[in-house]
Amino acid sequence: MSFYDELETRSQDAREAAQLAQLRDALKAAVSAPAGQHYAGVAVQSLADLAQLPVTRKSDLVSRQQAEPPFGGFAVKGLSHYFQSPGPIYEPGGAGADWFRLGRFLHASGVRGHDIVQNCFSYHLVPAGIMFETAARAVGAAVLPAGTGQTDLQVRAARDIGTTVYAGTPDFLKVILDKADEQGVLLKFARAVVGGGALFPSLRQEYADRGVITRQCYATADVGNIAYETDALEGMVADEGIILEIVRPGTGDPVPPGEVGEVLVTNLNTDYPLIRFATGDLSAVLPGQSPCGRTNTRIRGWMGRADQTTKIKGMFVRPEQVADFVARHPEVLRARVVAGREGEMDSMTVQVETRASNPALYETSVFETLKLRGRIELVPPGSLPNDGKVIDDTRSYG
């Protein structure tokens, strides 16, 4: 079995010791800029101390960037690229080799120096194209910078050059393969490395039936690679360049292992150290170690969005408000707001996991935290689904 480097198989003790040293360096780098001043004087004695630090949300980046373009006063150095993602929101790119750390993913997917990667991620403004370009270079592969669209030209280039690996969103590969079939062209794709969307099992199987082994990663423009599939196909292994946490949506509080929550990422790259960056995505930690031999934490992959903000009766209800309600009652394990319709009116039910038997106990705090009145439904501990939802909008918008 081939590994990218020795970091993938180190002991957990060795990993945590190295990450603690890197975290201290990242905090030192972060505090050198205005947006990181709240880390001044912070001392972390263990990785557990990370949970005491504030969460950085995408909305924080946007608001600060609007006030202080382009990067909002966050620590940034060694730039080689400036990127703009929808919003707009600006992300830096560094000159270091494989700065976004996706080479590890390509190696785990079997991409090697003899391959030619048809990179169908966009090179226009957003970083995705460069992210996979530098990843291919990290494993020694050549690249066709194909970008998006232009299916006929994609097929022509794939045939003429003999590209062996597809990189892009999961569904665009099917567009290329279908067009090649339509034209009677035989392509040489043997592997696909995908991201930026869900890889549904049926689509993975269709590609396998066509002789293409497909693996997916979980990455963002802000922090680069977060986790990636291996041949074990049991969840995703966390990248070695980040610290990954799963927290209760709307908070920075870690959830028990196995419980679904929001993914927080601390980027240990001192060129752009984002500390406890809330991705807005849901996932959960998988127990045990991957059969592939990699020893880092595994997650179940992308399981939806944590930002479940919903308007009920004309008022926005946010996950952090639900978290505030739970925090007021030590006997409450979890809570879920269910938005529905009764006739032509919005309705709100607050499901509360507790051993208490009197709903009236919670009426005042529901109103104070959610700013709305609704029906309170007491449910036994452990009865709410483990899906990370704290707000469930059941209304039909069809």
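The legends below describe close-up views of a predicted model.

**View 1. The two domains of the protein chain.** The domain assignment divides the chain into domain 1, residues 6–305, and domain 2, residues 310–393. Between the C-alpha centres of domain 1 and domain 2 the distance is 34 Å. Eight residues of domain 1 and seven residues of domain 2 make up the contact.

**View 2. The largest cavity, between domain 1 and domain 2.** This cavity holds about 180 Å³ of space. Its lining consists of 19 residues, and those closest to the centre are Arg248, Arg334, Ala335, Lys389 and Val390. Helix H8 (319–327) and strand S18 (334–342) each contribute at least two lining residues. H8 contributes the most, with four residues. Sorted by class, the lining has eleven nonpolar, two polar and six charged residues. Because domain 1 (6–305) and domain 2 (310–393) both give residues to this lining, the cavity lies between them.

**View 3. The second largest cavity and its lining.** In total, the model has two cavities of 30 Å³ or more. The second largest cavity has about 50 Å³ of space. Ala30, Ala35, Gly36, His38 and Tyr39 belong to its lining, as do Thr56, Phe74, Ala75, Pro273 and Ile275. Seven of these lining residues are nonpolar and three are polar, and no charged residue is present.

**View 4. The largest pocket, with strand S8 in its lining.** The volume of the largest pocket is about 810 Å³. Gly195, Gly196, Gly197, Tyr218 and Ala219 are the closest to the pocket centre, out of 32 lining residues. Two elements, helix H4 (128–138) and strand S8 (213–220), each give two or more residues to the lining. S8 has the largest share, five residues. The lining of the largest pocket includes 17 nonpolar residues, alongside nine polar and six charged ones.

**View 5. The second largest pocket, with strand S11 in its lining.** This pocket contains about 550 Å³ of space. Among its 24 lining residues, Ile243, Leu244, Glu245, Val285 and Thr297 lie nearest the centre. The elements with two or more residues in the lining are helix H1 (12–30) and strand S11 (242–247). The largest share, five residues, is from S11. By class, 14 residues of the lining are nonpolar, five are polar and five are charged.

**View 6. The crossing of helices H5 and H6.** Helix H5 spans residues 151–162 and helix H6 spans residues 172–183. Their axes come within 9 Å and cross at roughly 75 degrees. Angles of 65 to 115 degrees count as roughly perpendicular, so H5 is roughly perpendicular to H6. On the H5 side, the contact is made by Thr151, Asp152, Gln154 and Val155. On the H6 side, these residues meet Phe172, Val175, Ile176, Lys179, Ala180 and Gln183. The residues of this contact comprise five nonpolar, three polar and two charged.

**View 7. The cis peptide bond between Pro69 and Pro70.** The bond from Pro69 to Pro70 is cis, and its omega is near 0 degrees. Pro70 sits in the loop that connects helix H2 (58–67) with strand S2 (79–85).

**View 8. Asp98 and its positive phi.** Asp98 is not a glycine, yet its phi is positive, at about 50 degrees. The loop that holds Asp98 runs between strand S3 (89–94) and helix H3 (103–108).

Note on methods: Residues numbered from 1 in each chain as written. Predicted model: local features only at pLDDT ≥ 70, side-chain atom pairs only at ≥ 80, totals over all residues. Heavy atoms only, no water. Axes fitted to C-alpha atoms, helices over the stretch in contact; angles between N-to-C directions. Parallel < 35°, antiparallel > 145°, perpendicular 65-115°, else oblique. Contact = heavy atoms within 4.5 Å. Nonpolar A, V, L, I, M, F, W, Y, C, P; charged D, E, K, R; others polar. 1 Å grid on protein atoms, 1.4 Å probe; cavity = no way out; pocket = protein on both sides within 12 Å on 5 of 7 lines; lining within 4 Å. Points joined across faces, edges and corners; volume = space filled by probe spheres on them. Domains from an automatic or database assignment.
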